[in-house]
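Hi everyone, thanks for coming. I'd like to walk you through one protein today, so please have a look at the sequence and the structure before I start talking.

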Amino acid sequence: MDINLGQERLHLRFMSDHGQMHAQPEVGLRPDSPASPSTGSGAQDRGSAWGYLPATSFRSRRAALSSAQQQTWERRWPALGVDALGASPHRVPLDTRAWFGRDAPLVLEIGCGSGTSTLAMAHAEPHLDVIAVEIYRRGLAQLLCAIDSANVTNIRLIRGNGIDVLKDLVTSNSLSGVRVFFPDPWPKVRHHKRRLLQPATIALIADRLIPAGVLHAATDHPGYAEHIAAAGDAEPRLIRADPRTDSLPISVVRPTTKYETKAQDAGSAVSELVWRKPKSDD
């Protein structure tokens with residue numbers, strides 16, 4: 001299994017609360033638990049209890065599965081995957097104890113892509129349970145094949161919109177961490193409202209985190225980094241975390257993906273932003 005979190009790949013840059021960058025060279029469904037204050041799914045409640053939540057934070061694209069991916073999907077998806085798209089009946093909170101077969105700290109990754117970071121980080125932290133959310137079936141199929149090949153047992157998959165998953169399938173104070181790596185920056189000003197990490201989304205994430213829980217975001221778009229930093233710093237239930245000194249319940253070390261390498265080769269710096277939800281004794 002080619003999963004490498006070696007030191008040569010872990011020179012991460014973390015944005016502080018004053019906008020400077022710091023290098024870190026080391027580093028099933030439950031109907032009895034309402035995920036309020038959501039009032040249901042769909043565009044009509046995007047501006048309700050949580051404030052404005054973007055209805056679409058992803059771009060439409062299609063790709064067929066290979067024969068091997070289709071076979072793996074048919075064999076492994078029923079146990080490891082949940083479809084939360086559109087009018088899916090899965091609109092009650094997840095029973096993660098039944099789904100994973102154990103009680104463990106839970107991490108939600110929104111927009112896992114093909115799952116390079118998901119697989120490596122889950123393998124490095126077997127004591128955590130990881131739910132990877134992705135809208136694109138091809139990406140989920142690639143991750144599912146990698147899970148099958150590597151025999152990693154602490155990952156489950158959801159096909160759906162990350163905001164709908166947070167609103168409808170996850171309860172308050174249930175997540176040890178939320179990871180959002182390289183969300184679409186929607187660089188045009190008229191499209192900024194489509195960005196995933198809006199103040200209302202971060203407020204929803206803060207509600208779902210347990211005390212001491214972590215929000216870890218990464219982007220290679222400077223404008224989006226500033227946007228995320230401002231929204232995160234404005235959320236009263238979160239404070240900046242310094243991975244060099246703070247004891248965090250999840251790792252913020254992640255592998256360098258092919259996409260990120262291309263971005264760095266093109267001169268784009270990667271910003272890492274980390275917040276934590278304070279405990280009562282903080």
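**The recorded binding site**

Let's begin with the UniProt record: its unreviewed entry puts the feature "binding site" at K188, D220, T257, K258, Y259 and E260. UniProt positions are given here in the numbering used for this structure, feature names are shortened, and annotations may be inferred rather than shown by experiment.

Quick ground rules. This is a predicted model, where local features need pLDDT of at least 70, side-chain atom pairs count only at pLDDT 80 or more, and totals for chains, interfaces and linings use all residues. Residues are numbered from 1 along each chain as its sequence is written, and side-chain values use heavy atoms, with hydrogens and water left out.

Back to T257, one of the recorded positions. It sits in the loop between β9 (239–240) and α8 (258–265); helices (H or I, at least four residues) and strands (E, at least two) are DSSP runs, numbered from the N terminus. Is T257 buried or exposed? It's buried, because its relative accessible area is 15%, and buried means under 20%, exposed over 50%, and partly exposed in between (1.4 Å probe, protein chains only). Leaving out residues up to four places away in sequence, T257 touches T116 and S117, where a contact means heavy atoms within 4.5 Å. A polar atom of the T257 side chain also lies 3.1 Å from the backbone nitrogen of E260.

K258 is in helix α8, and K258 counts as exposed because its relative accessibility is 72%.

**Inside the protein**

Zooming out, the protein has 8 helices and 10 strands, and 50% of its 282 residues count as buried.

Look at helix α6, residues 199–208: 9 of its 10 residues are buried. Among them are A200, I202, L204 and also D207 and R208. What covers the buried residues of α6? The cover includes α5 (162–169), β7 (175–181), β8 (209–219) and α7 (222–234).

In soluble globular proteins, nonpolar side chains tend to be buried together. Here the largest nonpolar core has 35 residues, and L108, I131, I158, L175, V178, L197 and L215 have the most contacts inside it. By nonpolar core I mean a set of buried Ala, Val, Leu, Ile, Met, Phe, Trp, Tyr and Cys residues joined through side-chain atoms within 4.5 Å. Apart from that one lies another core, of 26 residues, among them A122, V130, L140 and A141. As for I131, its contacts beyond four places in sequence include W99, F100, L108 and I158.

**Two loop residues with positive phi**

N151 isn't a glycine, yet its phi is positive, near 55°. N151 is in the loop between α4 (137–150) and β6 (155–159), and it counts as exposed because its relative accessibility is 61%. W186, also not a glycine, has a positive phi of about 40°. W186 is in the loop between β7 and α6, but it counts as buried because its relative accessibility is 3%.

The average pLDDT is 84, and 76% of the residues score at least 70; pLDDT is the predictor's confidence in each residue, from 0 to 100. Over residues 20–27 it stays under 50, though the model has 32 contacts beyond four places in sequence for them. Residues 29–48 are below 50 too, with 47 contacts beyond near neighbours in sequence. Where pLDDT is low, the predicted coordinates should not be read in detail.

Methods: Polar contact = N/O pair within 3.5 Å; in protein donor to acceptor, adjacent residues only side chain to side chain.
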